[in-house]
Amino acid sequence: MSSDEAYSAFLDQANQDTGAGDASTQSSHTQLKAADTEIPAVLQGIDQTYTSEADEPFEPVSLKWTGRSMPSENDFAGLIGHKAEVSTLSTRDFDPKWEYKEVMEAVEKAGDGKVRIFRVEMGSTRVWYYVVGWEKEAGKVVGVRAQAVES
């Protein structure tokens with residue numbers, strides 16, 4: 001009986017949450033800003049995931065932007081609080097099979113009708129894709145983002 005209790009105690013200790021995994025997961029997820037203004041309703045109902053090795057859901061994005069046009073790659077990096085490489089992709093490169101038609105249409109409706117895709121590198125295998133448009137009258141960049149694992 002005592003060996004069962006000892007084994008149970010061992011399992012309890014082994015399964016305790018040390019918090020070590022949370023720090024790295026949380027920091028890569030919360031480092032980048034996603035919203036500092038009201039999110040358009042058309043973006044709140046998107047229930048789709050970006051297909052990669054992680055299959056992460058798209059999340060709404062709404063960021064205050066006072067520029068005269070859509071931000072450049074460098075401006076966008078500053079807007080989301082990122083210090084590493086940010087690049088842009090064409091819609092064809094981002095979605096060659098047109099799997100994300102609903103996502104693209106929602107972003108077009110939320111913004112000025114044009115979509116821009118930013119690829120934000122978070123390390124050797126993790127990236128964030130921001131699919132955004134510009135809502136000029138409200139002075140904000142709106143859209144969605146999804147994290148991907150690419151190895």
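**Close-up views of a predicted model**

View 1. The side chains of Lys 101 and Glu 105 meet in a salt bridge, at 3.9 Å from N to O. This model is predicted. The salt bridge counts because its N to O distance falls within the 4 Å limit. Lys 101 and Glu 105 are four residues apart in helix α6, so about one helical turn separates them. An α-helix has 3.6 residues a turn, so residues three or four places apart point the same way. Lys 101 is partly exposed, at 41% relative accessibility. Glu 105 is also partly exposed, with a relative accessible area of 35%.

**View 2. The buried side of helix α6.** Val 103, Met 104, Ala 106, Val 107 and Ala 110 are the buried residues of α6. Their arc around the axis is only 165 degrees, which puts them on the same side of α6. The cover over these buried residues includes the helices α3 (41–44) and α5. It also includes the strands β5, β6 and β7.

**View 3. Helix α4 and its two faces.** Helix α4 spans residues 73–80, and Phe 76, Ala 77, Leu 79 and Ile 80 are buried in it. These residues take up an arc of only 160 degrees around the axis, which places them on the same side of α4. The face turned away from that buried side carries Asn 74 and Gly 78, both exposed. Among the elements that cover the buried residues of α4 are β3, β4 (86–89) and β5 (116–121). The strands β6 (126–135) and β7 (140–149) are also part of this cover. Gly 81 follows α4 and has a positive phi, near 80 degrees.

**View 4. Tyr 50 against Tyr 100.** Nine aromatic pairs are counted in the model. In one of them, the rings of Tyr 50 and Tyr 100 have their centres 5.4 Å apart and their planes at 25 degrees, so the pair is stacked. The two residues come from distant parts of the chain, 50 residues apart. Tyr 50 lies in strand β1 (residues 49–50). Tyr 100 lies in the loop between α5 (91–94) and α6 (101–110). Both Tyr 50 and Tyr 100 are buried.

**View 5. Phe 58 against Tyr 100.** Tyr 100 also pairs with Phe 58: the ring centres are 5.6 Å apart and the planes stand at 70 degrees, so this pair is edge-to-face. This pair, too, links distant parts of the chain, here 42 residues apart. Phe 58 sits in the loop between β2 (56–57) and β3 (59–64). Phe 58 is buried, with a relative accessible area of 6%. For Tyr 100, also buried, the value is 3%. Ring pairs join Tyr 50, Phe 58, Phe 94, Tyr 100 and Tyr 129 into a cluster.

View 6. The charged end of Arg 145 sits over the ring of Trp 128, 4.1 Å from the ring centre. Arg 145 also forms a salt bridge with Glu 59, where the closest N and O atoms are 2.9 Å apart. Arg 145 is in strand β7 and Glu 59 in strand β3, so the pair ties together parts 86 residues apart in sequence. Is Arg 145 buried or exposed? At 3% relative accessibility, Arg 145 counts as buried.

View 7. The structure holds four salt bridges. In one of them, Glu 121 joins Arg 119, with the closest N and O atoms 3.1 Å apart. Glu 121 is partly exposed, with a relative accessible area of 27%. Arg 119 has a relative accessible area of 18% and is buried, because buried means under 20%. Salt bridges link Arg 119, Glu 121 and Glu 150 in a network.

**View 8. The whole chain, for orientation.** The protein chain has six helices and seven strands. From the N terminus on, they run α-α-α-β-β-β-α-β-α-α-β-β-β. Of the 151 residues, 36% count as buried. Among contacts with a separation of 6 or more, 66% are between residues 24 or more positions apart. The chain exposes about 9100 Å², and carbon and sulfur atoms supply 46% of that area.

Definitions and conventions:
Residues are numbered from 1 along each chain as its sequence is written. Side-chain values use heavy atoms; hydrogens and water are left out. Rings of Phe, Tyr and Trp (its six-membered ring) pair if their centres lie within 6.5 Å; planes under 30 degrees apart count as stacked, over 60 as edge-to-face and the rest as tilted. Buried means under 20% relative accessible area, exposed over 50%, partly exposed in between (1.4 Å probe, protein chains only). A charge sits over a ring if NZ of Lys or CZ of Arg is within 6 Å of the ring centre and within 35 degrees of the ring normal. The arc is that of the directions from the helix axis to the C-beta atoms. Contact means heavy atoms within 4.5 Å. Accessible areas come from the Shrake-Rupley method with a 1.4 Å probe; for residues, only the protein chains shown count as cover.
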